[in-house]
Amino acid sequence: QKEWLKSMPEKIERSEFADIAVAQVNNYVNVRREPNTESEVLGKLYDDSAAKVLETTEDGWYRIESGSVNGYVKAEYVVVGDEELARSVSTRYATVTTTTLFVRDIPSTEGKVLTMLPEGDDLVVTEEEHEGWVKVSTEEGDGYISTDYVNISTEFIHAESKADEEARLAREEAVRREAARAAEAARAAEAARVSREAAASRAKSSQQSANRNPAPAAPSASSNGQAVVDYAKQFV
């Protein structure tokens with residue numbers, strides 16, 4: 001038994017997702033300054049957003065850090081340590097750490113080289129099923145790269161601080177007002193066009209009517225004189 005214990009690893013590797021809390025709510029859960037519902041709201045942790053758990057209270061709260069927000073959330077609104085869930089709401093990146101990295105069609109050095117990538121490139125990891133290799137997306141298509149030549153990192157959607165929310169709402173309001181002004185200008189331009197077309201149509205109709213029904217000619221001076229003579233003759 002002692003020999004068996006000696007063969008055990010000194011430290012069991014802890015999952016990188018063990019302290020990750022993922023919000024599972026209809027919309028968002030408030031992050032508060034203190035672990036009570038009367039405390040100031042510092043930000044919002046939206047559904048499927050993630051945070052790192054720093055502390056667990058005895059009365060059902062987690063102190064979390066997410067982006068620039070550090071505060072407390074009710075434990076019932078987040079799921080902690082679920083690696084499958086955490087992976088599903090995260091994006092995995094592979095950053096190239098060698099001068100030239102080969103992307104191959106199979107997870108093996110015998111695979112065909114699809115493309116070559118320079119140091120510093122960031123690639124989205126789409127699969128991690130083969131030890132020592134990950135599948136990534138490139139402009140030439142999906143392929144495999146060796147994990148010996150990249151750094152793997154995980155990114156989550158973080159909480160939105162109160163200041164960030166106010167700034168976002170201000171931007172959205174500015175965009176809404178600009179869209180309203182553009183729509184009003186478009187309506188005015190359309191109304192002016194319709195008015196011009198209607199005026200042109202009326203002018204054309206009036207001209208066509210005048211051509212069909214010319215006005216009677218005014219009587220000449222000679223015809224007026226003859227009428228006077230004819231009238232006078234009846235008294236002779």
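What follows is a chat about the strands, cores and salt bridges of a predicted model.

Reader: Before we start, what kind of model is this, and how are residues numbered?
Author: It's a predicted model, where local features need pLDDT of at least 70, side-chain atom pairs count only at pLDDT 80 or more, and totals for chains, interfaces and linings use all residues. Residues are numbered from 1 along each chain as its sequence is written, and side-chain values use heavy atoms, with hydrogens and water left out.

Reader: What about β3 and β15, how many bridges do they have?
Author: Two, again in the antiparallel sense, with β15 covering residues 160–161. In that pairing, K44 has E160 as its bridge partner.

Reader: K44, ok. Which residue does K44 form a salt bridge with?
Author: That's E165, with the closest N and O atoms 2.7 Å apart. A salt bridge means a side-chain nitrogen of Lys or Arg within 4 Å of a carboxyl oxygen of Asp or Glu. The pair links distant parts of the chain, since K44 is in β3 and E165 is in helix α3 (residues 162–212), 121 residues apart.

Reader: Is K44 buried or exposed?
Author: Buried, at a relative accessible area of 15%, and E165 is buried too, at 16%. Buried means under 20% relative accessible area, exposed means over 50%, and partly exposed is in between (1.4 Å probe, protein chains only).

Reader: How many salt bridges are there by this rule?
Author: The count is 16. One of them joins R63 and E55, with the closest N and O atoms 3.2 Å apart. R63 is partly exposed at 25%, and so is E55 at 34%.

Reader: How far apart are R176 and E173 in helix α3?
Author: Three residues, so about one helical turn separates them. Their side chains meet in a salt bridge at 2.6 Å, N to O. R176 counts as partly exposed at 47%, as does E173 at 30%. Elsewhere, salt bridges that share partners join E16, E83, R87, R92 and E128 into one network.

Reader: Switching topic: how many residues are in the largest nonpolar core?
Author: It has 15, and those with the most contacts inside it are L45, I64, V73 and V78. Such a core is a set of buried Ala, Val, Leu, Ile, Met, Phe, Trp, Tyr and Cys residues joined through side-chain atoms within 4.5 Å. The elements giving two or more residues to this core are β1 (20–23), β2, β3, β4 (50–56), β5 (61–66) and β6 (69–74).

Reader: What does I64 touch?
Author: Leaving aside neighbours within four places in sequence, I64 is in contact (heavy atoms within 4.5 Å) with residues including V31, A51, L54, V69 and V73. There's also a second, separate core of 11 residues, which includes V96, L117, V134 and V136.

Reader: Last one: where is V113?
Author: V113 is in strand β10 (residues 113–118), and it is partly exposed at 35%.

Definitions and conventions. Two strands pair if DSSP finds at least two bridges between them. Helices (H or I, at least four residues) and strands (E, at least two) are DSSP runs, numbered from the N terminus.
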